[in-house]
Amino acid sequence: MHPQTCGLVPTMGALHEGHIALIRKARKCCERVVVSIFVNPTQFGPGEDLERYPRTLETDLEICAREGVDFVFAPSAAEMYRSRQFLSIQIEALADHLCGATRAGHFNGVLQIVNKLFQIVHPAHAFFGQKDIQQFRLIETMVDEFNIPVVLHRVPTIREHDGLALSSRNRYLSPAERESAPALYRALQELSEGVLIREEGDRGDKIPKQIASARKKLEKAGFRIDYVSVVDYETLQPVGKMPENRQHIVAGAAWLGSTRLIDNILVTARPAGQQP
Ligand code: AMP
């Protein structure tokens, strides 16, 4: 540990145990921890939940104090976007699928704000959750291609006891929807087990069928599906079969009422006889 290392945990507030896991990871490897709290308007599309997004700054500040955070950066939108923004980061291919396919401009807004935060805070390390895996992959690409001197950390998804990934948006769920919600993770678990099983004569090209069956289960549980997909980790392009020794993402996004939930699992197929 370098005495001056600064770790940044970017958030939109309404902090929960998922954010706290990021903060604790940052505390372990950095001398100073900065948490940013900013509901970034440029990553919300028209008709999305920008206005109703939970804002709980007082409680967030208490959590940060309790967790030993050194600085909280909670700017206003007017401070972050002082004038019309003439530049934006263009994304090739990596936002064509998963959340990027239906949330036009979302990841451009994410990269815009994360880039600003990196320039303002100058962290040596930055911490993001696996829950937003496409976001992580895009930030990883931005850091690589723009040579930004920051080490990225991907923190595993923190879940409720029944498997539901923690999210600030879970508070929108009605009691009945909350009961159905863990079905998303269960469907992705079954799908990730399914895509890894190889039987005699299996050419490993059953993924579309397995996705169709996962979609059926989700629809039965009351979800309106945005996507269920298996994509290559590097390219974020959907695959029909899974080449061995390459990391893939089994991901899903689906609506319960007016709440959109996302989740994912990382999988790598290994040649028969090789340990997972
Ligand atoms: P948000 O406030 O939703 O923008 O999230 C801020 C950061 O926390 C992002 O890097 C998210 O991926 C991460 N995060 C959100 N939920 C979880 C979770 N359940 N487990 C781990 N990280 C999470």
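In this predicted model, Ala-253 stands opposite Ile-262 in strand 8. Strand 8 spans residues 259-268, and strand 7 spans residues 247-256. The two strands pair in the antiparallel sense, over 10 bridges. They form a hairpin with two residues between the strands. In this hairpin, Gly-257 has a positive phi near 60°. Strand 8 is largely enclosed by the rest of the structure, because eight of its 10 residues are buried.

Most residues other than glycine have a negative phi. Asn-245 is partly exposed, because its relative accessibility is 43%.

Strand 1 and strand 2 pair in the parallel sense over six bridges. Among the residues involved, Val-9 has Val-35 in strand 2 as its bridge partner.

Helix 1 covers residues 17-29 and has 13 residues. From its first C-alpha to its last it reaches 19 Å, close to the 18 Å expected at 1.5 Å a residue. The buried residues of helix 1 are Gly-18, His-19, Ile-20, Ala-21, Leu-22, Ile-23 and Ala-26. In an α-helix, residues three or four places apart point the same way, because there are 3.6 residues a turn. The buried residues of helix 1 are covered by elements including strand 1 (6-11), strand 2 (32-37) and helix 2 (57-66). Strand 4 (125-129) and strand 5 (151-155) are also part of this cover.

The loop between strand 1 and helix 1 holds Ala-14. Phi of Ala-14 is near 50°, a positive value in a residue other than glycine. With a relative accessible area of 1%, Ala-14 is buried.

The ligand is surrounded by 17 residues. The closest are Met-12, His-19, Asp-132, Ile-158 and Leu-166. One of these, His-19, is also among the buried residues of helix 1. A backbone N or O atom of Met-12 lies 2.9 Å from an oxygen atom of the ligand. In the side chain of Asp-132, an N or O atom is 2.6 Å from a ligand oxygen atom. A polar backbone atom of Ile-158 is 2.9 Å from a nitrogen atom of the ligand.

Met-12 also has a contact with Gln-43. Gln-43 is in the loop between strand 2 and helix 2. The residue counts as buried, because its relative accessibility is 9%, and the cut-off for buried is under 20%. Beyond its neighbours within four places in sequence, Gln-43 also touches Glu-48, Arg-103, His-106, Gly-109, Val-110 and Ile-113.

Technical notes: Residues are numbered from 1 along each chain as its sequence is written. This is a predicted model: local features need pLDDT of at least 70, side-chain atom pairs count only at pLDDT 80 or more; totals for chains, interfaces and linings use all residues. Side-chain values use heavy atoms; hydrogens and water are left out. Helices (H or I, at least four residues) and strands (E, at least two) are DSSP runs, numbered from the N terminus. The expected span of a helix is 1.5 Å times one less than its number of residues. Buried means under 20% relative accessible area, exposed over 50%, partly exposed in between (1.4 Å probe, protein chains only). Contact means heavy atoms within 4.5 Å. Two strands pair if DSSP finds at least two bridges between them. A residue is near a molecule or strand if one of its heavy atoms lies within 4 Å of it. A polar contact is a pair of N or O atoms within 3.5 Å; within protein, one must be able to donate a hydrogen and the other to accept it, and residues adjacent in sequence count only if both atoms are side-chain atoms.
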